[in-house]
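Have a look at the chains and ligands first, and then we'll dig in.

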Amino acid sequence: MIETFLEFPFLRNTLYTGLMIGFIAPLLGTFIVVRRLSFIADGLSHVTLSGVAFGLMMQKKFALLMISPFYTGIAFAVIGAIFIEYLRGIYKAFQEIAIPIILSVGVGLSVIFISLADGFNTNLFAYLFGSVAAVSRTDLYIILMISVIVVAIVVFFYKELFALAFDEEFARASGIRTKTIHILFIVLTALVISASIRIVGVLLVSALMTLPVAASIRISRSFKQAIFFSILFGEAAVLIGLISGYYLEIPPGGTIVMTEALILLGTIIFNKHIHFLKTRG
Amino acid sequence: MTENILSVEHLSFQYDEQPVLKDINLSIQKGEFAGLIGPNGSGKTTLIKLILGLEKIQTGQIHLFGTPLEKFKQWHKIGFVSQKANTFNRGFPATVYETVAMGLTGKLGYFRFLKKKDQANVYEALSNVGMEKFAERNIGDLSGGQQQRVFIARALVSSPEFLILDEPTVGVDTDNVERFYKMLADLNQNQGITLLLISHDIGSITTHVTDLLCLNKTIHYHGNPNNYQNMTDEQKSQFYGHSMNTVTHHHS
Ligand SMILES: Nc1ncnc2c1ncn2[C@@H]1O[C@H](COP(=O)(O)OP(=O)(O)O)[C@@H](O)[C@H]1O
Ligand SMILES: [Mg+2]
């Protein structure tokens, strides 16, 4: 089955992209889940959608082909990430309100851009639910670059990111620049989301970041273990989901996320049997 | 020669419109075991937050190790156990080892990884509080008292010269409270760590500390705990809002 993927170049790109996002999305997702910031991923994915819609409109209306929806998606996601943090600073007492604001503005802009482009086309469907055939060589390189940046920053700032996740007050009292680290983290999240929508689509990208983590924290004793199992589950879901999606002719977003849901169900059912990971040294 | 670890001058602070601290003046010298007491809501935690730079100073000055707070950078010299320490998310996937190693983050600085020596320091801090056997356990699986000791190890791992503990005995059962004070006395006397212990429980801390500070918006008493013990109940009760009314009544 996997041979087919390696045989055709466009499927090969999809497979490599899938394996990269199957790594970086759960990696960042582990920090997102333990910091209870899953809603930020949702908000950002909808902002990314508006960026994609903007790019599609520019291409269709003005034939600006160098403005790829992929790039405008990345740009909107990063700007949206910074804007979410700005709003969270303003509404200190109700920080979660930043998300409905950002999310609705994201969807509102998308609707406007889509109708300015005279309606839906198949391209948009691919961006909503993911696609096995959407990855060009240039996109592959950009996603590779994003992956390298994300992994490098997580490795180099691991202890700061971990301290910030576990106990922000303590991190600040240790002299860590928590605000800077946090902004860095949110921008990374935006990059991972815009990279991931190629495969899983806007609507399911936050699931790719959170479902493997939801499964892994049930069986993990340490934070490093939680990251390890999140990535393992993420990669398994991407592989199974991409291949089955291709053969069943279903957008991979659906099959990947359903595979993850099954893995999560598995850890819930078998939690008693694998609980030893948590308690033994 | 005595060395000023902490000095606070004319410090006042308010949240929005509500004044919390008024003209606080105090200093703590090297080697002291200072106890800061005051009823709930008297501003103890706020004072600590200002000292640690977690809230912005509005009026007054704070010096740490002789350096003005704005310029102070050597945060690893200060260990901190927050009042909120044991309200962390119990489901957080972190081991005791990972929790304590977090205490080295600021000391090591950016782009540095834990070396063998740092790992040894983590185990040493854990054995300091008698928790070395629990290193690989999940932090959420421990009892409240055990977690509190882990958080003290986290504060100790950077070898601080000054340790600040905000109501650390809340949630620790009474049998362990005595052992806990013994441990603090050992850190103070044998390891030379200057301590600032915050409590709302006047009774138990006055017998352990070398210096007592009583806070209720402002410092009402600073000195020897024995003198404080000899004060009349009426003088002592001045620190508590409800009895303060009675006192005022007396005088009018
Ligand atoms: N973040 C905050 N915002 C507004 N008011 C606060 C805040 N933190 C504390 N307060 C108020 O300041 C006063 C002092 O609180 P605190 O310093 O926590 O006292 P203590 O630690 O002595 O119990 C209380 O009245 C409290 O309600
Ligand atoms: Mg307090």
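Is Asp16(B) buried or exposed? With a relative accessibility of 73%, Asp16(B) counts as exposed; the terms here are buried for under 20% relative accessible area, exposed for over 50%, and partly exposed in between, using a 1.4 Å probe and protein chains only. Asp16(B) sits in the loop between strand S1 (4-15) and S2 of chain B. Helices (H or I, at least four residues) and strands (E, at least two) are DSSP runs, numbered from the N terminus. The phi of Asp16(B) is near 45°, a positive value in a residue other than glycine.

Before going on, a word on how to read all this. This is a predicted model, in which local features need pLDDT of at least 70 and side-chain atom pairs count only at pLDDT 80 or more, while totals for chains, interfaces and linings use all residues; side-chain values use heavy atoms, with hydrogens and water left out. Residues are numbered from 1 along each chain as its sequence is written, and chains are lettered from A and ligands numbered from 1 in the order in which they are written.

So how confident is the predictor? The pLDDT is its confidence in each residue, from 0 to 100. Chain B has a mean pLDDT of 87, with 91% of its residues at 70 or more. For the complex, the predictor gives an ipTM of 0.89 and a pTM of 0.91. Residues 241-252 of chain B are another matter: pLDDT stays under 50 there, and the model has eight contacts for them beyond four places in sequence. Contact means heavy atoms within 4.5 Å. Where pLDDT is low, the predicted coordinates should not be read in detail.

Now for ligand 1. The residues around ligand 1 include Tyr15(B), Gln18(B), Pro39(B), Gly43(B), Lys44(B) and Thr45(B), where being near a molecule takes a heavy atom within 4 Å of it. Strand S2 (18-29) and H1 of chain B each supply at least two residues of this shell, and H1(B) gives the most, with three. On the polar side, a side-chain atom of Lys44(B) lies 2.8 Å from an oxygen atom of ligand 1. A backbone N or O atom of Gly43(B) is 3.1 Å from an oxygen atom of ligand 1, and an N or O atom in the side chain of Tyr15(B) is 3.4 Å from a nitrogen atom of ligand 1. On its own, ligand 1 has 560 Å² of accessible area, and the protein covers 64% of it.

Next comes the magnesium ion (ligand 2). Thr45(B) (OG1) and Gln83(B) (OE1) coordinate it at 2.0 to 2.3 Å. The pair links distant parts of the chain, 38 residues apart: Thr45(B) is in helix H1 (residues 44-51) of chain B, and Gln83(B) is in the loop between strand S6 (78-81) and helix H2 (96-101). Donors are N, O and S atoms within 2.8 Å of the metal (3.2 Å for Na, K and Ca), and water is not among the atoms, so sites may look incomplete. Thr45(B) is partly exposed at 25% relative accessible area, and Gln83(B) is partly exposed at 33%.

Over in chain A, Ile153(A) belongs to helix H7 (residues 137-156). Ile153(A) is buried, at 18% relative accessibility. Beyond its neighbours within four places in sequence, Ile153(A) is in contact with Tyr158(A), Leu161(A), Leu184(A) and Leu188(A).

Notes. pLDDT is the predictor's confidence in each residue, from 0 to 100. A polar contact is a pair of N or O atoms within 3.5 Å; within protein, one must be able to donate a hydrogen and the other to accept it, and residues adjacent in sequence count only if both atoms are side-chain atoms. Accessible areas come from the Shrake-Rupley method with a 1.4 Å probe; for residues, only the protein chains shown count as cover.
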